[in-house]
Amino acid sequence: MPVRTTQIAESADGAGVGAAARAAHVGRALAGLGASCHPLPAAAVTLFAAVLAVAAGHGPPGVVLLAGAVAAGQLSVGWCNDRADLGRDLATGRRDKPLVAGTVSAAAVARAAGAALLLCVPLSLAAGPLAGAVHLAGVAAAWGYNLRLKGTVVSWAPYALAFGLLPAFVTLGLPGAPWPPPWLMAAAALLGAGAHFANVLPDIDDDLATAVAGLPQRLGARRSAALAGLLVLGSTAALVAGPPGRVTAYGWALLGATATALLLAFRRPAGRFPFFTVMAVAAADVILLVAELRP
């Protein structure tokens with residue numbers, strides 16, 4: 001009898017260890033999924049859409065719906081990007097990538113990308129047929145970048161298109177489905193293109209080693225950095241000068257601060273600092289945008 005009791009206890013201990021191991025494995029996989037979706041850019045774009053929706057006059061349900069659609073689209077794009085880049089990341093030893101480190105499987109990331117994309121479709125169309133079509137066109141452009149256009153001379157175009165259409169997704173979901181003013185779409189498109197050049201800067205050498213030759217890679221780090229700075233500055237200038245009426249003191253200060261920050265950030269185009277600078281400029285632009293679009 002004591003032997004039987006001991007066996008039962010050992011079996012229970014083994015089951016407990018197995019359950020703990022499985023829980024740890026699931027936890028690592030979830031953490032890997034979270035890291036492989038490019039969480040910072042995804043969160044930033046989603047927050048930008050939500051703030052823009054509030055400024056444009058959407059009520060709480062509309063804001064939640066728009067933010068959910070954008071979040072689903074961004075998650076699908078981020079997971080698609082990491083899965084599409086797996087071969088190149090393995091070749092260059094990118095141990096900072098969850099797929100390369102083995103914390104999540106390629107199949108899990110692919111399934112997550114597909115599920116997020118499927119969720120994005122009804123959420124986008126719930127804002128209205130035209131608004132939904134515009135948002136899905138932007139998401140399709142981002143997937144096109146991941147799967148084909150990243151290594152071409154038009155690598156910047158999906159970023160410009162996807163960002164430029166985001167304000168339209170927000171305003172077309174309002175009663176009457178109004179299009180946003182051209183200056184707002186132009187500012188968003190310029191910011192998207194600038195973000196592309198800034199984002200690629202740290203990876204140019206690895207990209208060229210794996211035959212990825214988008215426009216930033218063809219131009220080289222210094223020229224790409226200069227172009228990124230000019231595009232982002234142009235985005236801020238469009239926001240400052242585009243709306244009718246006099247330029248506010250905040251607008252002039254923002255334009256000067258943007259020029260100074262970009263000059264300092266892109267003097268030595270290395271690491272992630274230029275990209276983080278672009279994100280900081282975008283946050284400052286959002287403040288100006290909210291003031292200008294307030295109903």
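## Terms and basis of the model

Axes are lines fitted to C-alpha atoms, for helices over the stretch in contact, and the angles between N-to-C directions run from 0 to 180 degrees. Helices (H or I, at least four residues) and strands (E, at least two) are DSSP runs, numbered from the N terminus.

This is a predicted model, in which local features need pLDDT of at least 70 and side-chain atom pairs count only at pLDDT 80 or more, while totals for chains, interfaces and linings use all residues. Residues are numbered from 1 along each chain as its sequence is written, and side-chain values use heavy atoms, with hydrogens and water left out.

## The chain as a whole

The protein chain has 14 helices and zero strands. Of its 295 residues, 43% are buried; here buried means under 20% relative accessible area, exposed means over 50%, and partly exposed covers the values in between (1.4 Å probe, protein chains only).

The protein chain exposes about 14100 Å², and carbon and sulfur atoms supply 71% of this area. Accessible areas come from the Shrake-Rupley method with a 1.4 Å probe, and for residues only the protein chains shown count as cover. A contact means heavy atoms within 4.5 Å. Among the contacts in the protein chain with a separation of 6 or more, 73% join residues 24 or more positions apart.

## Helix α8 and its partners

Helix α3 (residues 60-84) and helix α8 (residues 156-172) have axes that come within 10 Å and cross at roughly 150 degrees. That angle makes α3 roughly antiparallel to α8. Angles under 35 degrees count as roughly parallel, over 145 as roughly antiparallel, 65 to 115 as roughly perpendicular, and the rest as oblique. The crossing of α3 and α8 is right-handed; a crossing is right-handed if the near helix is turned clockwise from the far one by less than a right angle, and left-handed if anticlockwise. On the α3 side, L66, A69 and V70 meet L166, F169 and V170 of α8. The residues of this contact divide into six nonpolar, no polar and no charged. In this classification, Ala, Val, Leu, Ile, Met, Phe, Trp, Tyr, Cys and Pro count as nonpolar, Asp, Glu, Lys and Arg as charged, and the others, Gly among them, as polar.

Helix α2 (residues 39-56) also packs with α8, at an angle of about 40 degrees and with the axes 9 Å apart. The helices α2 and α8 are therefore oblique to each other, and their crossing is right-handed. In α2, V45, F48, A49, L52, A53 and A56 meet F163, L166, P167 and V170 in α8. By class, the contact of α2 with α8 has ten nonpolar, no polar and no charged residues.

P167 lies in helix α8 and is buried, with a relative accessible area of 0%. Not counting residues up to four places away in sequence, P167 touches L52, P180, L184 and A188. Although P167 and L184 are 17 residues apart along the chain, their C-alpha atoms are separated by 7.2 Å.

V170 is also placed in helix α8 and is buried, with a relative accessible area of 1%. Leaving aside neighbours within four places in sequence, V170 is in contact with A49, L52, A53, A56, H58 and L66. V170 and G57 are 113 residues apart in sequence, and the distance from C-alpha to C-alpha is 9.7 Å.

## Helix α12

Helix α12 and helix α13 (residues 249-265) pack at an angle of about 175 degrees, with their axes 10 Å apart. The two are therefore roughly antiparallel to each other. G229, V232, L233, T236, A237 and V240 of α12 make the contact with G251, L254, L255, T258, A259 and L262 of α13. This contact of α12 with α13 has eight nonpolar, four polar and no charged residues.

S235 is found in helix α12 (residues 221-241). This serine is buried, with a relative accessible area of 1%. Not counting residues up to four places away in sequence, S235 touches A187, L190, L191 and D285.

## Loop residues with positive phi

H38 is not a glycine, yet its phi is positive, at about 60 degrees. H38 lies in the loop between α1 (2-36) and α2 and is partly exposed, with a relative accessible area of 28%.

A211, not a glycine either, has a positive phi of about 65 degrees. A211 lies in the loop between α10 (204-209) and α11 (215-219) and is exposed, with a relative accessible area of 68%.
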